Number of protein chains: 4
Amino acid sequence: MAVSREQILDAAIRHLNASPTASMAQIAEAAGISRATLHRHFSSRDDLVVELGRRALDRWERAQDEAGIAETGAGPADLRATLMALIEGEVGVAEEHGFTLTVETTSEELLARSAELERRELAFIEACQRAGVLRSDLPAVWVSSSIYGLLVALRESLRRGEIAPREATRLMVESFLRGASDKGDLS
Amino acid sequence: MAVSREQILDAAIRHLNASPTASMAQIAEAAGISRATLHRHFSSRDDLVVELGRRALDRWERAQDEAGIAETGAGPADLRATLMALIEGEVGVAEEHGFTLTVETTSEELLARSAELERRELAFIEACQRAGVLRSDLPAVWVSSSIYGLLVALRESLRRGEIAPREATRLMVESFLRGASDKGDLS
Amino acid sequence: MAVSREQILDAAIRHLNASPTASMAQIAEAAGISRATLHRHFSSRDDLVVELGRRALDRWERAQDEAGIAETGAGPADLRATLMALIEGEVGVAEEHGFTLTVETTSEELLARSAELERRELAFIEACQRAGVLRSDLPAVWVSSSIYGLLVALRESLRRGEIAPREATRLMVESFLRGASDKGDLS
Amino acid sequence: MAVSREQILDAAIRHLNASPTASMAQIAEAAGISRATLHRHFSSRDDLVVELGRRALDRWERAQDEAGIAETGAGPADLRATLMALIEGEVGVAEEHGFTLTVETTSEELLARSAELERRELAFIEACQRAGVLRSDLPAVWVSSSIYGLLVALRESLRRGEIAPREATRLMVESFLRGASDKGDLS
DNA sequence: TATGAATGAGTCTTCATTCAT
DNA sequence: AATGAATGAAGACTCATTCAT
């Protein structure tokens, strides 16, 4: 019963999330195949890592598309809904492809795609700011970055079992949108 | 022109922040000394990493102490000021000792100290929640984690030069306390 | 043309007998393989040395067993024959596994086995003394040690080509049993 | 209170006897001086080892001279006394300079001197054989070698504390001259 | 003279990768 | 297609030795 390329990638990301410096031998073992076979599927380690990165970017892109962040001319209400959907989607990305968010790669292709997705995300955030959905006194680039940071925190908290998986999205949204300050504080 | 232990550590952290898997040879070169000399100061790689971790924890502890998070019986106003001071201090830690926040170590000592500092931080956050300074509908452990995540984002944004260093603390505090949502959104 | 584990061990002992501090690189070269391949067979230097020690102890144990030193209740004649067979067997061990006789190891297993074989040998020597086959005015432990010493001498003489291999056993037995003094000396 | 060259050599041989692969650092520590100082006395490791070898050869030569093995024209009784004195002297050499007996050196000087002393010893043994003091049916070179082997055994037994130091010479002489066989065996 | 500091060369070990079956 | 065997390159660490004080 041959192990498919997809199954190998699944095993690889699971293992690399647990120990990011895992060797090809360890990944192969985790996938239940020999080192040589792993190399038949991915000619080099970089090849494998790039493929994992590609999958993560695919997933991220899908999250953006499914949320519909490119839909122009939307009103505040729509934008708010889109924003929620986007974050929800990205929580999923973080949970499944966590480690590749920070992967060091030299692949031009991945860097370019990643930059493009960031650009789209940034444009969306700026649209939200113009529409009064998000604060305008914070640089859009920082708002974008803060999502990334909170996703890192989320992944870590989930990994440690400190928060319930079903709570993940709510906590993420609350912290991102409203912050930790008590409401009385704002009055 | 002898290179002091402290200078080596400074060079090491600078280099390791840039590339966390740097070899001893690369670290040595970055410090302007030979591999062998680096080994004279830190008998093993782990030794060096543990020392860096110790420094980061020292700095973190100092941030907690200087903010005064252990001062019990403080009123809401005091707690708010302390919280601000704490975050400000931690921004400094993230800027200078960034990478070690996520360092994987086997050192019992470091793990124990780290756990203790987390515990103190958590207790402080809970105090803030009881005093109505921070929201109570978010688990304290998640609030703590979100600080960590935002610090990661901050470090990354600074590294990329996307935000002005002088803005760092303000952005951090705003995102953490009030979130990215426009105020009109809350009304 | 794969080199078997056994062949590597043979090459290793040959080389280590000649230069006991030989590096893994030298041993690998002597075995006609690369350093990395040597490490595939023996994960560490200690592993290799322990394996060599094990082989030597196996051989020694076989020498004891084949001589039949454990046969209790034997008469003087039998004991004398057994003693001769034992020494003969040990000459073989010294010739083939010489260096490991003095190898420094940390392996509990080897130390324990070695101690056990020494104990058996000692018990046999004591039996020979009780039966009047060996002198009783020399401590058994010294008699045992003197065998060891003469084997070292034998190996050295053979290595230098000073004595004929076919003479080895005779010289060993003569020196051990009767000493170098002229018989007239004893009258 | 400066440590004299002689004291360093004493410490060195003591330490090297215990662990023959000791590093310069360990030897220096054993001598109570720094590595650099050790190097001021002996410019290289080989230098130190050669010096130790020289001392051992000096001691051996003295043993030969004091026993008087070069005295030609001696009768059997004299030869026997000389032989005893020689062995007694060599026991002392083994006790004090043990390890250097097997030291690997490239020093031409030492090899030449060692060969010369062996030659003298061999000539003496042959003289003993001709005079009927030692058996003639064993090659002189093997008789010589057996002395060496028994000295190794003696050193080992002493190191392990298996025999009493005061017994050393007697055991050595008995084993060398008369062997381990019970006298009844010879009748 | 004595020594702390520095280092080039060498050792063991691991890893990604290739090859022959 | 799959894999056991083999290896070059690289990394951590040690050692003998030199240098500056």
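This report looks at two interfaces in a predicted model: one between two domains of chain A, and one between chains C and D.

## Ground rules

Local features need pLDDT of at least 70 and side-chain atom pairs count only at pLDDT 80 or more, while totals for chains, interfaces and linings use all residues. Residues are numbered from 1 along each chain as its sequence is written, chains are lettered from A and ligands numbered from 1 in the order in which they are written, and side-chain values use heavy atoms, with hydrogens and water left out.

## The two domains of chain A

Let's start within chain A, where the domain assignment (automatic or from a database) gives domain 1 (1-43) and domain 2 (53-179). Their C-alpha centres lie 28 Å apart. Six residues of domain 1 are in contact (heavy atoms within 4.5 Å) with six residues of domain 2.

The area buried between these domains is about 550 Å², with carbon and sulfur atoms giving 53%; buried area is the accessible area (1.4 Å probe) that two parts lose on being put together, summed over both. On the domain 1 side, A:Ile13, A:Leu16 and A:Asn17 supply 69% of the area buried against domain 2, more than any other three residues.

The rule finds two salt bridges across this interface, a salt bridge being a side-chain nitrogen of Lys or Arg within 4 Å of a carboxyl oxygen of Asp or Glu. A:Arg55 and A:Glu6 meet in a salt bridge at 2.9 Å, N to O.

## How chains C and D are related

Now to the pair of chains. The same surface serves both copies, as 100% of the contact residues of chain C recur in chain D.

## The C–D interface

Here 38 residues of chain C are in contact with 39 residues of chain D. The buried area is about 3,700 Å², and carbon and sulfur atoms give 57% of that. C:Arg135, C:Trp142 and C:Ala180 supply 21% of the area that chain C buries against chain D, more than any other three residues.

Four salt bridges are found across the interface of chain C and chain D. C:Arg135 takes part in a salt bridge too, its side chain meeting that of D:Glu174 at 2.5 Å, N to O.
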